[in-house]
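User: Hi! Could you walk me through the model I'm about to paste?
Analyst: Happy to, go ahead.

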Amino acid sequence: MTVTLADVAARAGVSSATVSRVLNGNYPVADGTRTRVLRAVDELQYVVNGPASALAAATSDLVGILVNDVADPFFGIVASAVQSEMGGEGAMGAGQKLAVVCNTGGSPERELTYLTLLRRQRAAAVVLTGSAVEETAHSTALTDRLRHLAASGTRIVLCGRPPLAPRNGTGEEPALADDGIVTLAFDNRGGSHRLTAHLLTLGHRRIGYVTGPAERSTTRHRLEGHRRALGEQVPEALAEAERLTVHGGAYDRSAGYDGALELLRRAPDLTAVLAANDTVALGVCAALRDRGLRIPEDVSVGGFDDLPFAADASPALTTVRLPLYEAGARAGRLALGLETPPPGDVATVRAELMVRASTAPPAPR
C-alpha cells in the first residue's frame, strides 16, 4: 500500500501542510516538530513523488556534475567533494539532493547534450568542472544553454573553469552578470609561473614542456604561465620555448611518455621537463628512466595539480597544488545556495607550489 503525505502527518501528529514544509524546507519549522516528521518519514519509508514535485516546483532535487573523465583522479576528487555537500540532516532534509555525475569523455557535444537533459529534468543545480573547450561555436552554444538553465531557476557553478566569454565580445561586459552563474577559477597561469620560476632559480635554462590538449583553456593558461616566467627571468630562453614544447594529445601518461622522448630527440642536453599535470609527469618520468636518466640528478621533473600519488612517486614529485577537494566542496555549497557567492560571482582558487625531490639544481655537463 502506498504511503501518503497524510499518513506521515498522522504518525507525526501534525498537519499535512507541516509535513510539506519540512520536506520542502521552504518555511521555518520548530526543531522538535521537524524531528517528529522526519522520524515518521523514516518509519513509514515515505518517498516523495519526484516528478510530481518537480512539475509543481521550479526545480527538482537533481544536481548534475559534469566531468571530463570520472576515472581521472582530478575529476574524481572534485566530483566527490561536490557530492559530499548534497546530503542534508535527516533522510528527507531540505539539503538532500541527488547528485548525478555526467561523464562527457571530453566531448563538447556530449557536454551540451547533458546540459539539455538536465534542463529537461529541471535540475536544481549544475556544476561544470575542469577546463573549457576554446572553440567559438561550442562556447556560444554552451553560454546559450547555461543562460536558459539559469533563467529557469537552476544554479550554475563553474569549478576549475574561467568565466564565460563576454556577451558582446569586447571584454567590457560579463557574459552572464545578471544570471548569477558563479565561477571558481583555478590560478593555472600563476601556478605554472611559480613552478617555472622555481626551476629557473635553481639554475635550469633548458626546460622542456609537455602540454595537454590544445583546445583546452587549462592547457593554454598553464603554458602561458610557464612562458611568462621564462620571459621575465631568462628572456633569451623564449627563443627556444616553442622548440622545447611538445603539444600533448591528452592529460594522460602516454602523452607524457611520448612527449619526453620527443623532447630528448630535440634537445638531448635539456635539464628539466615540466608537464601539464601530474599524470603526464609520471609518463615523463617513465620515459626518462627507460632512457637511463636519473631524476633529478640528470633531469628534473615537475607536474601540476598535486594528485594523491604525487607525494608517493619515486622520487616525490615537485608539483603545483590545487585544493581540489576544498574547491569542489565550495562549489557544492554554492550550488545549493548554502554559501554566499563571491563578489562579482567570480573567485580565483590559488595554486601552491609544492617543492619535492624530483627537482634539483642542474648537474654540471
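Analyst: A definition to start with: axes are lines fitted to C-alpha atoms, for helices over the stretch in contact, and angles run from 0 to 180 degrees between N-to-C directions. Helices (H or I, at least four residues) and strands (E, at least two) are DSSP runs, numbered from the N terminus. This is a predicted model, where local features need pLDDT of at least 70, side-chain atom pairs count only at pLDDT 80 or more, and totals for chains, interfaces and linings use all residues. Residues are numbered from 1 along each chain as its sequence is written, and side-chain values use heavy atoms, with hydrogens and water left out.
User: Great. At what angle do the axes of α1 and α3 cross?
Analyst: They cross at roughly 120 degrees and come within 9 Å, with α1 covering residues 5-12 and α3 residues 31-44. The two helices are therefore oblique to each other; angles under 35 degrees count as roughly parallel, over 145 as roughly antiparallel, 65 to 115 as roughly perpendicular and the rest as oblique.
User: Which residues of α1 and α3 meet there?
Analyst: From α1, Asp7, Val8, Arg11 and Ala12 meet Arg36, Val37, Ala40, Val41, Glu43 and Leu44 of α3 (contact means heavy atoms within 4.5 Å). Those residues divide into 6 nonpolar, no polar and 4 charged. Here Ala, Val, Leu, Ile, Met, Phe, Trp, Tyr, Cys and Pro count as nonpolar, Asp, Glu, Lys and Arg as charged, and the others, Gly among them, as polar.
User: Switching to sheets: what is the order of the 6 strands in the open sheet?
Analyst: The order is β2-β1-β3-β4-β5-β11, with parallel pairing (two strands pair if DSSP finds at least two bridges between them). At the edges sit β2 (98-103) and β11 (346-349), each pairing on one side only. From one strand to the next, the twist averages 15 degrees.
User: And how many bridges join β1 to β2?
Analyst: There are 6, with β1 spanning residues 62-67. Val63 has Ala99 in β2 as its bridge partner. Helix α5 (residues 73-84) packs on this sheet, touching β1, β2, β3 (125-129), β4 (155-159) and β5 (182-186), and its direction makes about 165 degrees with that of β1.
User: What about the open sheet of 4 strands, what order does it have?
Analyst: That one runs β7-β6-β8-β9, again with parallel pairing. Its edge strands are β7 (245-246) and β9 (300-302). Strand β8 (residues 272-275) pairs with β9 over 3 bridges, and Ala272 stands opposite Ser300 in β9.
User: Which strands does α10 touch?
Analyst: Helix α10 (residues 253-266) touches β6 (207-210), β7 and β8. Helix α11 (residues 278-290) also packs on the sheet, touching β6, β8 and β9.
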